[in-house]
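Student: I would like to go through a model with you, one topic at a time. Could you bring it up, please?

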Amino acid sequence: MGHSEAVGRNHDQTRKTEDDTEVGDQDDVKWFALQSFRKESPFNFSKAHAKTLARVKATNQLNGTLDSLNGIVSAKLRNWSGTAWVPNVETRNPASFSLHAITGPHLAYPAPDSEIDWPAFEDWHEHCAANNLKYDRVHDFENGLGDVLAATGAAGRAAVWHDGEKWTVTIDRPRTIIDDHISPRNASNYRWSTKYFEPPDAHRVTFLDETNDYPEAECIVPWPADVRYATKALMDADLGHRAKTRAEVYADPNPANNGYYRKSGAISAGNWVIKPIEITEALDLPGKTDPAEIWIETRRLQYERIYRNTIYSATQAGSVRRAASGSAVMLARDVLVRRTHSGRVTAVVGNRIETDAIFEMDAGKNYGLRFRSYEDDEDGFGVSVLRTLRTVPGKNRAVTLAGEGIVPAIGDLVHLGPVAQESIPAIVAGIERGTDNSSILQMLPAADEMHAKVATEVPPTWSGRVGADLGGSNVAPPVPVVTAVRSGLTGTGDANGLFVRLRPGDNSPVIVKTFEVRHRLVGAGSWSTAATASASAGVVVIPGYASANAVEWQPRSVSIDGIPSAWGASRTTTIGSADPLAPAALNSGLIVATGGLGKSDIFFTVAPTEVNITHVQLYSNTSGILNPVTDAILAPIAVEPGGAYTRVHGDPSIATLLANGDFAAATTPPALGAGWVISAGKANHSGAAAGSVAWGSLVLAAGDVVRFATTIDSISGVGASLTPRLTGRNSRQWHRLHDHRSEARKPHSAQWKQYVQSFGKRQLRHSER
């Protein structure tokens, strides 16, 4: 039982409609279900959300909740066009998604646009577009803003954070601007640690494959090789590597030689052995669905573990500092690098720089001095400058700059050491609050070589296949089994059609890829080109024949390795043998079409012998050339043999405004002028004097259209004519519609033709009336 009522308490009851007279009889009444429907939306959520409408027929096969519903959707967010942020654009850019996460209506307190560092987000959006970085993740679970920004930032190789005033972005890419110099002169408590690890053979990434309609797939990304060779011969000739060195052969002419190897034996000895992928680690890349992007981003994380395996930390006093999270800095500490020193400038004379620290130089080496230069007193940021030094072996407090350029000022902090080693490029990974208003900077190596390697990565072609190719088979499949043969209009919907339905033979030892059917007319000397179809389709269409052709054909199977079976038994099919005969034209003597005012009456009879006629179509035409599409009138009429049918075409409600307009009576109206006499349904005129036949008291209204038609039986004499006209108090526009002239009166207009078309199950024919 189901019903719809107003919201509130409802009362339901049952009533017995038959009385039992037997004492002691009992009846059981069971309610299996009582269901009501409320006429209101099931959603009461003010935030923006998406809805999906699914219409499902309630049957025994599916009755109740829908177990699973899936679909491919896309996000419409603010997107950077290169000149402006455009709303409601379909996008996959991590920058757009992060911006929506911060400012979207899903938040209780979304950030206003004034709190967005727009240049930073625009730069990030362009960076993601240039590197084909995407974020395709359905957030159908509860998650905090920080977790969402961490995921979107990782998808775009960046970090999204709030600097105290605005939401901004730091992109992990090679830096050209150094934000600060860190040395024992402005920091303390230096610490560092290096993570030593045995890498896995590969990382295993589970994802939804967008190249295959988003099923779950798994991508295996091997650990980057230490050395790479174009051919195996080049690798075998190079044994100057330590044991366990990883190598990759990537372009050997023999595909079996391509792959990953590991060095066995000491340096300059031993050999290279194949390294199968045995040890893997699972890796999660939220929002990634492109196999090529997954390969590159996994390789990037692998390079990051290789080149950023050291963590530096230092403490800076005070609450004000130049470096922030993501900033590029230069580290100088002699404990980290023996020949790296730092000091403060005490005097400057030309290119001669004196410091409060002792520098040591070795003969034959090149040294550099790094310091920050400021444009003026208002410049609180400055730029990092590196100058080369004249090498003076020994220890000294003073050094000489080589060449011309910017020089440090008295009081500036400087880093000194071998060129490219005077400082350690680092990235501030995080800042912690320390004691006594200090800050603890956590730093990672900048590792610009990591970015260079990622830029040259070329992902392999993705197939989604699991396991190695097992190779082909020379075994032939069995002959296919014919499950159906269809031909003609009844079988294929085409009078000339012919197709064969096949399935693989039983217990086939190989996979069948295609079916082939060779064919020819019965008695022909050679076979025509075989018709083919995939085994999954199973239907082979045989073209090139006509109805009533006798076609001989034979099928066979072809395996996935291209091995054909033997040809099957020869069979013969006559196309359209099961089709009914074509309907004949209707008997023209059984068709009557009568014209009238604004209509035509059509009457026809289907002869009892016309068993193939199922429908009749009527046509109206005035040009003499039938157009079956534009001339059709009324709907096709379903008929049976021996049936009689009547149809009216036009408007039967139209009536004449003229009394006795057919001259059926010899009396007035009309009023007859000189020479006119009504007789035998005609108005005849004689004599040379002109006369008129007139009807009076015709009531018309403004806007009425008057149609006037005459049938002239005969007219003769010099200057003889008949002119219809309309006269009265008010002028009216007159349109002459008909003026048929003929020598004998006919029951139908000489310029009007009526068509009747009969058709059945096979083809169409028509007869002209």
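**Salt bridges and their burial**

Tutor: Glu 293 and Lys 134 are both buried, where buried means under 20% relative accessible area, exposed over 50%, and partly exposed in between (1.4 Å probe, protein chains only). This is a predicted model, in which local features need pLDDT of at least 70 and side-chain atom pairs count only at pLDDT 80 or more, while totals for chains, interfaces and linings use all residues. Residues are numbered from 1 along each chain as its sequence is written, and side-chain values use heavy atoms, with hydrogens and water left out.

Student: What do Glu 293 and Lys 134 form?

Tutor: They form a salt bridge, and their closest N and O atoms are 3.2 Å apart. The term requires a side-chain nitrogen of Lys or Arg within 4 Å of a carboxyl oxygen of Asp or Glu. Glu 293 sits in helix H5 (residues 291-307) and Lys 134 in the loop between H2 and helix H3 (145-155), so this pair ties together parts 159 residues apart in sequence. Helices (H or I, at least four residues) and strands (E, at least two) are DSSP runs numbered from the N terminus.

Student: How many salt bridges does the structure hold?

Tutor: There are 25 salt bridges. One of them joins the side chains of Arg 78 and Asp 113 at 3.2 Å, N to O. Arg 78 belongs to strand E3 (residues 76-80), whereas Asp 113 is in the loop between helix H1 (94-103) and helix H2 (118-130); the pair links distant parts of the chain, 35 residues apart.

Student: Which residue forms a salt bridge with Glu 516?

Tutor: Arg 556 does, with the closest N and O atoms 2.8 Å apart. The pair links distant parts of the chain: Arg 556 is in strand E31 (residues 550-559) and Glu 516 in strand E28 (residues 512-521), 40 residues apart. Both Arg 556 and Glu 516 are buried.

Student: Let us turn to aromatics. How many aromatic pairs does the structure hold?

Tutor: It holds 10. Rings of Phe, Tyr and Trp (its six-membered ring) pair if their centres lie within 6.5 Å; planes under 30 degrees apart count as stacked, over 60 as edge-to-face and the rest as tilted.

Student: Why is the pair of Phe 197 and Trp 223 edge-to-face?

Tutor: The ring planes of Phe 197 and Trp 223 are at 75°, so the pair is edge-to-face; the centres are 5.9 Å apart. Phe 197 lies in the loop between strand E8 (188-194) and strand E9 (202-208), and Trp 223 in the loop between strand E10 (216-222) and strand E11 (227-229), so the pair ties together parts 26 residues apart in sequence. Phe 197 is partly exposed at 33% relative accessibility, whereas Trp 223 is buried at 5%.

Student: How are the rings of Phe 663 and Trp 695 arranged?

Tutor: Their planes are at 40° and their centres 6.2 Å apart, so this pair is tilted. Phe 663 is buried, at 17% relative accessible area, and Trp 695 is partly exposed, at 25%.

Student: Which residues form one aromatic cluster?

Tutor: Trp 80, Trp 85 and Trp 118 form one.

Student: Last topic, the surface. Where does Glu 378 lie?

Tutor: Glu 378 is in the loop between strand E20 (367-373) and strand E21 (383-389). Glu 378 is exposed, with a relative accessible area of 76%.

Student: What about Ser 46, buried or exposed?

Tutor: Ser 46 counts as exposed, at 76% relative accessibility. Its place is the loop between strand E2 (35-37) and E3. Ser 46 and His 106 are 60 residues apart in sequence and 9.4 Å apart in space, C-alpha to C-alpha.
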